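I opened the notebook to look up pockets. My notes follow the display.

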Amino acid sequence: MRRAACSIQAGSSETGSDMSESVRFRFNVDGSNFTTAGQASVQVKKNLRELGIPADAIRRVSIAMYEGEINMVIHAHGGEAEVIVFEDRIEIILSDRGPGIPNIELAMKEGYSTAPDNIRSLGFGAGMGLPNMKRYTDDMKIETELGKGTTITMTVRF
Amino acid sequence: MTVKELAEHEGFEPVCLPEPERVIEGGYCGDLLSWVMGRAKTAQAWVTIMSNVNIAAVATLCDVAVIVLSENVSPDAGVRETAEARGINIIKTPMPTFEAAALISTLI
Ligand SMILES: Nc1ncnc2c1ncn2[C@@H]1O[C@H](COP(=O)(O)OP(=O)(O)O)[C@@H](O)[C@H]1O
Ligand SMILES: [Mg+2]
């Protein structure tokens with residue numbers, strides 16, 4: 001079984017114009033195990049606390065990342081999560097090789113969900129995930145290709 | 001009131017209390033995890049009938065003071081251990097969610 005593995009890396013940011021130091025966290029999100037779903041988000045919350053990030057920003061990152069992580073488990077057989085901490089913002093990049101999202105506008109609607117009944121009985125599949133991710137972040141970009149996968153990039157400023 | 005005090009109050013029963021001295025400041029009721037995730041706040045008592053292990057992750061991320069399982073719901077296997085390890089308090093009660101929340105609201 002593939003466990004949520006985390007690697008932490010410190011280095012300078014990749015964007016040429018922004019030379020501020022950054023810290024990165026990387027995780028594999030196991031798509032076959034519901035009981036460990038959310039592990040990466042829980043670990044990120046802990047790491048951000050240790051870095052002294054403001055509580056409100058941690059809360060917003062936690063909510064957005066948890067929803068994205070759960071989506072990768074429910075809808076895309078798992079994937080990868082990367083969190084980059086800058087001086088003034090946090091970037092969350094979630095990428096999977098799942099089925100892709102056929103209609104982003106529809107998927108973004110509150111209450112829209114394709115989750116099956118067994119997932120709903122666990123308390124997921126309320127169709128609030130993507131709307132929550134948008135609401136709690138300052139910026140969200142969805143790149144998706146049918147049959148190839150989805151990458152969601154979110155930014156939380158503080 | 002602290003979580004320990006609530007657990008000792010008539011009608012409530014502790015499941016696990018790794019952080020018994022946490023203070024309860026308000027509450028939130030809900031079973032849809034995404035809904036709770038986006039709305040429950042730090043230090044609240046979260047009243048729910050959801051018993052699977054994912055409640056531990058949601059409680060951690062929302063930083064609630066305690067999960068209150070209503071309607072005599074027991075946590076699924078392994079939930080207590082996960083909660084214990086993560087410092088998540090869990091209390092159970094036979095009361096329905098409405099009654100549990102109403103009582104908690106008068107106690108805190
Ligand atoms: N990573 C993903 N890969 C494929 N489809 C996705 C992904 N994330 C979301 N979706 C689609 O968008 C819908 C809405 O997502 P969301 O708002 O999180 O609701 P829910 O997860 O409760 O169904 C999902 O039901 C699913 O059809
Ligand atoms: Mg979702």
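I looked at the largest pocket, which holds about 600 Å³ of space. A pocket here is an open set of points on a 1 Å grid over the protein atoms alone, where a 1.4 Å probe fits, with protein on both sides within 12 Å along at least five of seven lines. Volume is the space filled by probe spheres set on the points, which are joined across faces, edges and corners.

This is a predicted model: local features need pLDDT of at least 70, side-chain atom pairs count only at pLDDT 80 or more, and totals for linings use all residues. Residues are numbered from 1 along each chain, and chains are lettered from A in the order written.

I then listed the lining (residues with an atom within 4 Å of a point). The largest pocket has 34 lining residues. Nearest its centre lie A:Asn71, A:His75, A:Ile101, A:Thr114 and A:Leu130. Helix 2 of chain A gives the most, eight residues. Helices are DSSP runs of H or I, at least four residues, numbered from the N terminus. By class, I noted 19 nonpolar, 13 polar and two charged residues. Charged means Asp, Glu, Lys and Arg; nonpolar means Ala, Val, Leu, Ile, Met, Phe, Trp, Tyr, Cys and Pro; the others, Gly among them, are polar.

Next I took the second largest pocket, with about 280 Å³ of space. Among its 14 lining residues, A:Lys45, A:Arg49, B:Thr60, B:Asp63 and B:Arg86 are closest to its centre. Helix 1 of chain A gives the most to this lining, four residues. I noted five nonpolar, two polar and seven charged residues in the lining of the second largest pocket.

Methods: Side-chain values use heavy atoms; hydrogens and water are left out. Helices (H or I, at least four residues) and strands (E, at least two) are DSSP runs, numbered from the N terminus.
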